[in-house]
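Please look through the sequence and the model shown below, and keep both at hand while reading. The paragraphs that follow lead from single residues to the groups they belong to.

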Amino acid sequence: SCTAKGYTVTYAAGTGGSGSITAGSPVFDSNFTPATPSSSTIKKANAEFAGWAVSGTSDVKAAGVAFKWTYTESKTFTATWNCSAGYTLNSSTGACDPCAAGTYKASAGNGACTLASAGYFVSGTGKTSQTACATGSYTSTTGQSSCTVCTNGKTTSGTAKTSCDAN
């Protein structure tokens, strides 16, 4: 933390984050540039830095972007995080957990993982996309981690099918 004109600016790693950053020296009514986190300062596993939440306000400030310091009291800048693609926010622990088999998440954010569509599957955890079932296999429901192979001489007319074709 630091003190300038009686104010202290403290950086916090936020829920699930770790590490620390020593702030610069804000001066009232002058430009202040919030610190930019790096893997050697503040970090969170499987997450991307999203901004600094300013205590006592609804403000979120971008790292490395100057703004006019008009706060008249000490502030804590708390890191906010978006879970990386393939990961979802665990609201109980604050951790970014990998999407389960049968689900995926294509982009960073704190939303839920998406169930694999019928005709598709997602094997393994932490995946960013679904895969179409190959010719000769299918899934008839969502959220599958593998495809079912057609039997008894049946097949499919292509990929991403939800059932086998009749003989």
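A residue is called buried if its relative accessible area is under 20%, exposed if it is over 50%, and partly exposed in between, using a 1.4 Å probe and protein chains only. The model is a predicted one, in which local features need pLDDT of at least 70 and side-chain atom pairs count only at pLDDT 80 or more, while totals for chains, interfaces and linings use all residues. Residues are numbered from 1 along each chain as its sequence is written, and side-chain values use heavy atoms, with hydrogens and water left out.

Thr156 is placed in the segment after strand 17 (148–149), where strands (E, at least two residues), like helices (H or I, at least four), are DSSP runs numbered from the N terminus. What lies around the side chain of Thr156? Its polar contacts are pairs of N or O atoms within 3.5 Å, of which, within protein, one must be able to donate a hydrogen and the other to accept it, and residues adjacent in sequence count only if both atoms are side-chain atoms. A polar atom of the Thr156 side chain lies 2.7 Å from the backbone nitrogen of Gly136, and a polar atom of that side chain lies 2.8 Å from the backbone oxygen of Gly158. Leaving aside neighbours within four places in sequence, Thr156 is in contact (heavy atoms within 4.5 Å) with residues including Ala134, Gly136, Cys150, Cys164 and Asp165.

Two of these contacts, Cys150 and Cys164, form a disulfide with their sulfur atoms 1.9 Å apart, a disulfide being a pair of cysteine sulfur atoms within 2.5 Å. The torsion about the S-S bond of Cys150 and Cys164 is about -100°, so this disulfide is left-handed. Both cysteines lie in the segment after strand 17, and the pair therefore ties together parts that are 14 residues apart in sequence. Cys150 counts as buried because its relative accessibility is 10%, whereas Cys164, with a relative accessible area of 22%, is partly exposed.

How many disulfides does a search of the whole structure find? It finds four, and with the bonded cysteines of the protein chain numbered in sequence order the pairing is 1-2, 3-4, 5-6, 7-8. One of them is formed by Cys83 and Cys96, whose sulfur atoms are 2.2 Å apart, and because the torsion about their S-S bond is about -80°, this disulfide is left-handed. The pair links distant parts of the chain, with Cys83 in strand 9 and Cys96 in strand 11 (residues 96–98), 13 residues apart. Cys83 and Cys96 are both buried.

Another disulfide joins Cys99 to Cys113, with 2.0 Å from S to S, and with -80° about the S-S bond this link is left-handed. Cys99 lies in the loop between strand 11 and strand 12 and Cys113 in the loop between strand 12 and strand 13 (114–115), so the pair ties together parts that are 14 residues apart in sequence. Thr103, in strand 12 (residues 103–104), touches Cys113 among others. Thr103 counts as buried because its relative accessibility is 12%, and a polar atom of its side chain lies 2.6 Å from the backbone oxygen of Ala100.

The account now turns to the nonpolar core, a set of buried Ala, Val, Leu, Ile, Met, Phe, Trp, Tyr and Cys residues joined through side-chain atoms within 4.5 Å. The largest such core has 20 residues, of which Tyr11, Phe32, Ile42, Trp52, Trp69 and Phe77 touch the most other members. Strand 2 (7–12), strand 6 (47–54) and strand 9 (75–83) are the elements that give two or more residues to this core, and strand 9 gives the most, with four residues.

Aromatic pairs are rings of Phe, Tyr and Trp (its six-membered ring) with centres within 6.5 Å, counted as stacked if their planes are under 30 degrees apart, edge-to-face if over 60, and tilted otherwise. A search of the whole structure finds 12 of them. The rings of Phe32 and Phe77 have centres 6.1 Å apart and planes at 80°, so they are edge-to-face.
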